[in-house]
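Hi everyone, thanks for coming. Please bring up the sequence and the structure on your screens, and we will walk through them together.

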Amino acid sequence: MTKGPGLFSDIGKKAKDLLTKDYNSDQKVTVSTYSGAGVALTSTAVKKGGHSVGDVAAQYKYRNTLVDLKVDTDSIISTTLTFTDIIPSTKTIASVKLPDYNSGKLEVQYFHDHATLTTAIAMNQSPIIDVSTTVGTPSIAIGGEAGYDTTSGRFTKYTAGISFSKPDSSASIILGDKGDTIKASYLHHLDLLKMSSAVAEITRRFSTNENTFTVGGSFAVDHLTQVKARLNNHGKLGALLQHEIIPKSVLTVSGEVDTKALDKKPRFGLAIALKP
């Protein structure tokens, strides 16, 4: 793959991940193992309120092919096949969830030094076609995406965005929801190893005249422990602590509280990920 501007989905992704990734209000346990044949097995159990769900996933890579298979407690089988460089500078992804044969999807990604193009189509009788593209460099990129319903002849979505990246920071502006929302974000790394960072994001929804402003950050206490926090102007405060218990085995404790609620009752989550 060439080093170009990245996919359209990468615009604003770093700031979004810092504000949302690993925040959890459920009890979750993940255990991963790897066999000598190159098969990775992952078991996940999640307790949401009084309901428990789980799944078992397997991943196998052979040359330029990656096979992902997951079976959950609802007897849904999810299969994803990823092929790299069948055609030079491309990645092809085919997925389906059984027994729903209409859930099939085929996606092709093309990478160039100064542009990327992604086309995805649902494999059913009334397919929706999604197309996205970016042009530019790893430092500055502009792009857009659109979804088209072939049955109704209408666009299901259209979004545009621009991103700016430096070694120690990144910024993005995204116009989404068919032009109803605009989101601007800025992320700054506080150290050379990018272990500690600060982020700010503001979202404006034109139809409701609503503004949401969120600030957050991550701080590396040491090489094994990291603390993250976020707060928005609606009073929702979230925080999490991650600690590597043993190599590649991470304990995550997170919680969220609505500071403007009358009872101010916090919600806590616990996640344990064990890997060999």
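Let me begin with a definition: a residue is buried when its relative accessible area is under 20%, exposed when that area is over 50%, and partly exposed in between, with a 1.4 Å probe and protein chains only. Now, where does D177 fall on that scale? Its relative accessibility is 45%, so D177 counts as partly exposed.

Before going on, a word on where this comes from. This is a predicted model, in which local features need pLDDT of at least 70 and side-chain atom pairs count only at pLDDT 80 or more, while totals for chains, interfaces and linings use all residues. Residues are numbered from 1 along each chain as its sequence is written, and side-chain values use heavy atoms, with hydrogens and water left out.

Let's take the whole protein. How many helices and strands does it have? There is one helix, and there are 19 strands.

As for size, the C-alpha atoms fill a box of roughly 50 × 50 × 40 Å along the principal axes. The radius of gyration, taken over C-alpha atoms, can be held against a globule rule: 2.2 Å times the number of residues to the power 0.38. For 276 residues a compact globule would come out near 19 Å, and the protein has 21 Å, which agrees.

Of the 276 residues, 27% are buried. The accessible area, from the Shrake-Rupley method with a 1.4 Å probe, is about 16,800 Å², and carbon and sulfur atoms supply 62% of it. On charge, Lys and Arg count as positive and Asp and Glu as negative, leaving out His and the chain ends. Each charge is placed at NZ of Lys, CZ of Arg, CG of Asp or CD of Glu. That gives 31 positive and 26 negative side chains, with the centres of the two sets 1 Å apart.

One more overall number concerns contacts, meaning heavy atoms within 4.5 Å. Taking contacts between residues at least 6 apart in sequence, 26% join residues at least 24 apart.

Now let's follow some strands. Two strands pair if DSSP finds at least two bridges between them. Find β3, residues 51–62, and β4, residues 65–72: they pair in the antiparallel sense over eight bridges. Across that pairing, D55 has D72 in β4 as its bridge partner. The hairpin of β3 and β4 has two residues between the strands, and R63 there takes a positive phi near 55°.

Moving along, β4 is also joined to β5 by seven bridges, again antiparallel. V67 stands opposite L81 in β5. This hairpin has four residues between its strands, and S75 in the turn has a positive phi of about 65°.

What does D68 touch, leaving aside neighbours within four places in sequence? Its contacts are A58, Q59, S78, T79 and T80. H189, by comparison, is 121 residues away from D68 in sequence and 33 Å away in space, C-alpha to C-alpha.

Strand β17, residues 236–246, runs antiparallel to β18, residues 249–258, with ten bridges joining them. A239 stands opposite G255 in β18. Two residues sit between these strands in their hairpin, where K248 has a positive phi near 70°.

A few loops to finish. S89, in the loop between β5 and β6, has a positive phi near 70° without being a glycine. In the loop between β6 (90–98) and β7 (100–111) we find P99, and the peptide bond from L98 to P99 is cis, with omega near 10°. And D177, our opening residue, lies in the loop between β12 and β13, with a positive phi of about 50° although it is not a glycine.

Last stop: G12, in the segment before α1 (13–20). Which residues does G12 touch, not counting those up to four places away in sequence? They are S172 and S185. G12 and E201 are 189 residues apart along the chain, yet their C-alpha atoms are separated by 9.8 Å.
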